[in-house]
Amino acid sequence: GDIAFRFINYVRSARERQLQRKLKNHQNLSWQEISESYQEDKFKLLGDSQVVVCDINKEMLKVGKQKAQHLGYSEGLSWVLGNAEELPFDDDKFDVYTIAFGIRNVTRIDLALEEAYRVLKPGGRFLCLEFSHVSNPLLSRLYDLYSFQVIPVLGEVIAGDWKSYQYLVESIRRFPPQEELKAMIEDAGFLKVDYQNLNSGIVAIHSGFKL
Amino acid sequence: GRACLSRAEPPARDGRSGEEEEEEEGCYQLYPGHIPTSPLQKALLAAGSAFMALCDPYRHDMVAVLGETTGCLALPNLRDKMKHHPEGYRILQERPRIRLSTLDMSKLRGLPDGSLGREYVRFLEDNKVSPDTRMPPKFVDDEELAYVIQRYREVHDLMHTLLGMPTNMLGEVVVKWFEAVQTGLPMCVLGAAFGPVRLSARKLQVLATDLVPWAIRSGRNASCILNVYYEQRWEQPVESLRKEIGIFPPP
């Protein structure tokens, strides 16, 4: 959802800049003509760009829709209920596939990666943002201490839910580290697979291309 | 009982793999709902729950967590008091639970006015509370002590009945003073000390001049409230039970 909003913002601002540049080059337009060109392009500000937000959980989709409405996003967005291991989309449909803090919750990561490969167009890009492993030993110990000692306590105190946050930190530890995930992405058929660590590996962005 | 007490620290401290954690976590669970915690976690929980309970007095779960994480001295004390008393000993053996499913509400309602059962049901209905909303313990690392704190929670409503206090903030604070003297649980002491912060000046005055001194006197005079097998005394008049335990009549 949030990535969809950012993407729409980006496309809109890119097109606005494009429009501004176009108008700057025409020095002697009348006010009439300027207002007309703005109006015409307002409807097509997004152009043909579309974002599909997909989640396995109906409640999450509902929350996303409410947020979109609240923030004023109406066009170019569609919300689909679906399972990452078995996507309800045709082959070669999308230019970009992003998954943020979602792939950790998928039972068969390899299936999700294969599906991602299937629905991407040739030339399309796969991007995955997920908790990963910290290699620095000192930071790793501090991170573990914080994760296991503090996070479930915060879950209990703030949300009255110890178990969910215990599960969260355990599932992060179970998840494959950077290189292993990279290999899995390559196994699914992606090329030029790479990753970038954020915060020394607490989070990592993996990327691959369908070529 | 205490077999796993010394190893109650979560094994996940070193960040081992998920499968190991689950097995060891399961072995350390001393009773259903038990979540083993390290001393650091208990300290953080105690601080966090105290803060949260002050900010939002309706977070009863936080009051419960505070009681569990700070009761490590008071609970064994209470358990010993129960063990050294015939009725208390029986309660520890039989482990009765006060729950809507175990209570015969219509029978209690049919008892004469002034009896423990009738007044207890009246209290529940007037204040719109139910004995089933008491939280089961999670962070007590001994299953007998877990029962003791559970019993204390379930007997709390009976305390309201015996002391004649409603469930508004004022009434709760008075009961907390009584319980603080009776049990020595730090959670009761903190609740008694900080609860009044949210009361108006007029109520504070009534509290300070009449209610708290009476609660303290009664608390000191009374025998241990956990040593009374309330489920076998529904027919007993409240007055008589008060005299027997040693609670002075409410002002």
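**Sheet, pockets and buried helices**

In chain A, Asp194(A) faces Ser207(A), a residue of strand 6, across the strand pairing. The structure described here is a predicted model. Strand 5 of chain A (residues 191-198) runs antiparallel to strand 6 of chain A (residues 203-209), and six bridges join these two strands. Leu198(A) stands opposite Val203(A) of strand 6 of chain A. Strand 5 and strand 6 of chain A together form a hairpin with four residues between them, and within the turn Asn199(A) adopts a positive phi of about 55°.

On the pairing with strand 4 of chain A, strand 6 of chain A is again antiparallel, here with seven bridges. Phe126(A) has Gly208(A) of strand 6 of chain A as its bridge partner. Strand 6 of chain A is mostly covered, since five of its seven residues are buried. These pairings belong to an open sheet of four strands in chain A, arranged in the order 3-4-6-5 with mixed pairing. Strand 3 (94-100) and strand 5 of chain A are the edge strands, each of which pairs on one side only. Neighbouring strands of the sheet are turned against each other by 10° on average, with direction ignored. In a regular strand, side chains alternate between the two faces of the sheet. Helix 4 of chain A (residues 109-119) lies across strand 3 and strand 4 (120-131) of chain A, and the helix runs at about 145° to strand 4 of chain A.

The largest pocket holds about 1800 Å³ of space. Its lining comprises 46 residues, and those nearest the centre are Gly1(A), Val53(A), Cys54(A), Thr98(A) and Ile99(A). Two or more lining residues are contributed by each of helix 1 (2-25), strand 1 (51-55), helix 3 (58-71), strand 3 and strand 4 of chain A.

At least two lining residues come from each of helix 2 (39-55), helix 3 (60-70), helix 8 (143-163), helix 9 (169-183) and helix 10 (186-194) of chain B. Helix 8 of chain B gives the largest share, five residues. The lining of the second largest pocket has 16 nonpolar, nine polar and six charged residues.

Just after helix 7 of chain B, Lys128(B) takes a positive phi of about 55°.

Helix 12 of chain B (residues 238-245) contains Arg242(B). Arg242(B) counts as buried because its relative accessible area, 9%, falls under the 20% cut-off. Apart from neighbours within four places in sequence, Arg242(B) is in contact with Thr161(B), Leu162(B), Gly164(B), Ile247(B) and Pro250(B).

Conventions
Residues numbered from 1 in each chain as written. Chains lettered and ligands numbered in written order. Predicted model: local features only at pLDDT ≥ 70, side-chain atom pairs only at ≥ 80, totals over all residues. Heavy atoms only, no water. Pairing = 2+ DSSP bridges. Axes fitted to C-alpha atoms, helices over the stretch in contact; angles between N-to-C directions. Contact = heavy atoms within 4.5 Å. 1 Å grid on protein atoms, 1.4 Å probe; cavity = no way out; pocket = protein on both sides within 12 Å on 5 of 7 lines; lining within 4 Å. Points joined across faces, edges and corners; volume = space filled by probe spheres on them. Nonpolar A, V, L, I, M, F, W, Y, C, P; charged D, E, K, R; others polar. Buried < 20%, exposed > 50% of the residue type's maximum accessible area, 1.4 Å probe, protein only.
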